[in-house]
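Please open the model in a viewer and keep the selection panel at hand. The tour moves from one selection to the next.

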There are 2 protein chains.
Amino acid sequence: MTSATARQIVLASRPAGGRAALSDFRLEEVPMPVPGEGQVLLRIDYLSLDPYMRGRMNDARSYAKPTQIGEAMPGESVATVIESNDATLPPGAQVLVSAGWVSHAVADARDLSPLSADGIATRAYLGVLGMPGFTAYAGMAAIGKPKSGETVVVGAASGPVGSLVGQLGKIAGARVVGIAGGAKKCSYVVDELGFDAAIDHRTPDFADQLANACPKGIDVYFENIGGAVWKAVLPLLNQYGRVPVCGLMAQTSGNNADADDGLASTMRAILTRSLTVRGYINYGFLPEYRDAFLRDVGGFLRAGQVKHLEDVTVGLENAPQAFIDMIDGRNFGKVLVRVSDEAA
Amino acid sequence: MTSATARQIVLASRPAGGRAALSDFRLEEVPMPVPGEGQVLLRIDYLSLDPYMRGRMNDARSYAKPTQIGEAMPGESVATVIESNDATLPPGAQVLVSAGWVSHAVADARDLSPLSADGIATRAYLGVLGMPGFTAYAGMAAIGKPKSGETVVVGAASGPVGSLVGQLGKIAGARVVGIAGGAKKCSYVVDELGFDAAIDHRTPDFADQLANACPKGIDVYFENIGGAVWKAVLPLLNQYGRVPVCGLMAQTSGNNADADDGLASTMRAILTRSLTVRGYINYGFLPEYRDAFLRDVGGFLRAGQVKHLEDVTVGLENAPQAFIDMIDGRNFGKVLVRVSDEAA
């Protein structure tokens, strides 16, 4: 039976000085929403926390409109239908929904598709088979284009995007070097994911270690960090190097906001080494690559050729701390919040 | 009859403090070269002066090896065969040759192809139908891809590359805004070449004028300047904007070498607006685009749809001053040196 109230986490204030704090979020109780005609009431099972959300907390031009103060934080979830006014989606059906940081939501049934797990836990559709996985796949398919014998470097290598980028590089026959924070993550990407090397970006001689790990230079750098890592990568990029720009965690988190030098050397490298530096938004590639992604990565997963790791926090009330930990690099794997006690 | 000596201009010293000076060049008399078996002796008619030569004067990693001190400056020419030991290239045949800043040269006949003018002066093969023209064509065909209704911005707009970039943009149906130095060049690109607007990059409110000239933003920015112009362009670039990076005159000439800030905002724009910033070397595109270029631009020239302007200096001894003038933006059109008194 459905309780009288739902819960949500709203943006209480914009992060001051660049870093998000617990006080920038507020947990609220709200009346349980009621589904109208053709609608369903959803119980959120797992909420996905993703780096792009940090950008939405700022009042700045970006992909999408900033989240407003007092508005629920945005986000994607796997949810279960618990009340239905539509025959195509009976209670018990599982769906993917973009409802934000909430415990329950009402949605039009025609906007939802039932998830078929097909031997994979449905929460994979928030990670390796969802937008993070698609982001990795599309960036590599459309821009990175790794070839056998080339060298691929990827940051945040143990995260949901980076871990798939590297595994796709290995499947393509490339040498893959991961960049991660801390010995545990570095061991994981080498020992569990099969990367050829991993460099801890916190070590003082990071740039030297990266150069040593890339004796034939870098052909594909999957950029999701920016800042100091970019400056260590730049001199190693080979002629015709490709740089999918997927994120700039070091910049958007505000940890490195004042490091603005290096434009002239960057442009000079782009010119003299015929580099391609190309930003993209994952959903821009959906029409072209969605089917191939589900087929290829779904197949790799079932065949055990691709591994993925989930970092699950229990309880919506703990989402802000889990989010801050992720921004600070303390997560280990795809960050999910188990919102419902009843989630599978 | 052939004189006993030839002339050449060598690199005497590397430019100090970034700016090339007359004292960095030296005119030398050398023995007239003698063609061997299968070779021809060439009289250089017109020598092309091009911005890339400034980079070769530096001792720095670039596309190609730096010119050595005491070595002839590199360069392409249109030349006439004056002695021949090969039946396929009789005296009087005209060829394109990469012989450097010299009055005469010996070359293997099998490396040369006779030029067919077909109603166009052969020196056009140094400009609009040569590497500068090809650089414009390939950058627009492979990277810029202007569409009808879009806005194209190009720097050095009255020069041999920029003028063709803009005219190709107009032929594609785009709005075209040129950036040039001084009122004379600005008038030329609007009145003679048919650009929609031209902005003088020397005016103090350059960035404001550029924004006003691009009310719908910028879709294609053909980058051949760098520095302050890039910073004015960056905020105007639209979603999915394309930036062929063809040159960085403001950086390589040393006039702007210390302006290195702006990397973070550049990377952020690439990310959030899905920009493609891609460097290229003209000859890298030759296999793919050479035939289409000669067909298309040759056709546009004969039909009067594309105009070009030549800035001819008389005498090899005046090449260094003409080169410095070009680097400083005092040329007006494609810079050629008429090396031989007998050139057509």
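Begin by selecting A:Val220, which stands opposite A:Arg242 in β11(A). Strands here are DSSP runs (E) of at least two residues, helices are DSSP runs (H or I) of at least four, and both are numbered from the N terminus. This is a predicted model, in which local features need pLDDT of at least 70 and side-chain atom pairs count only at pLDDT 80 or more, while totals for chains, interfaces and linings use all residues. Residues are numbered from 1 along each chain as its sequence is written, chains are lettered from A and ligands numbered from 1 in the order in which they are written, and side-chain values use heavy atoms, with hydrogens and water left out.

Two strands count as paired if DSSP finds at least two bridges between them.

Next, select β12 (residues 276–279) in both chains. The two copies pair in the antiparallel sense over three bridges, and A:Val277 stands opposite B:Val277 there.

Now display the whole sheet. It is open, has 12 strands with mixed pairing, and runs β9(A)-β8(A)-β7(A)-β10(A)-β11(A)-β12(A)-β12(B)-β11(B)-β10(B)-β7(B)-β8(B)-β9(B). Its edge strands are β9 (197–200) of chain A and β9 (197–200) of chain B, each of which pairs on one side only. From one strand to the next, the twist averages 15°.

At the chain B end, select helix α5 (residues 206–213) of chain B. This helix lies across β7 (151–154), β8 (175–180) and β9 of chain B, and runs at about 170° to β9(B). Axes are lines fitted to C-alpha atoms, for helices over the stretch in contact, and angles run from 0 to 180 degrees between N-to-C directions.

Finally, select the contact between the chains (heavy atoms within 4.5 Å). Chain B and chain A each give 40 residues to this contact. The buried area is about 3200 Å², with 58% from carbon and sulfur atoms; the term denotes the accessible area (1.4 Å probe) that two parts lose on being put together, summed over both. Highlight B:Leu263, B:Met267 and B:Leu271, which supply 21% of the area that chain B buries against chain A, more than any other three residues. On the side of chain B that touches chain A, the elements giving two or more residues are α6 (228–233), β11 (237–245), α7 (249–252), α8 (263–272) and β12 (276–279) of chain B. Of these, α8(B) gives the most, with nine residues.
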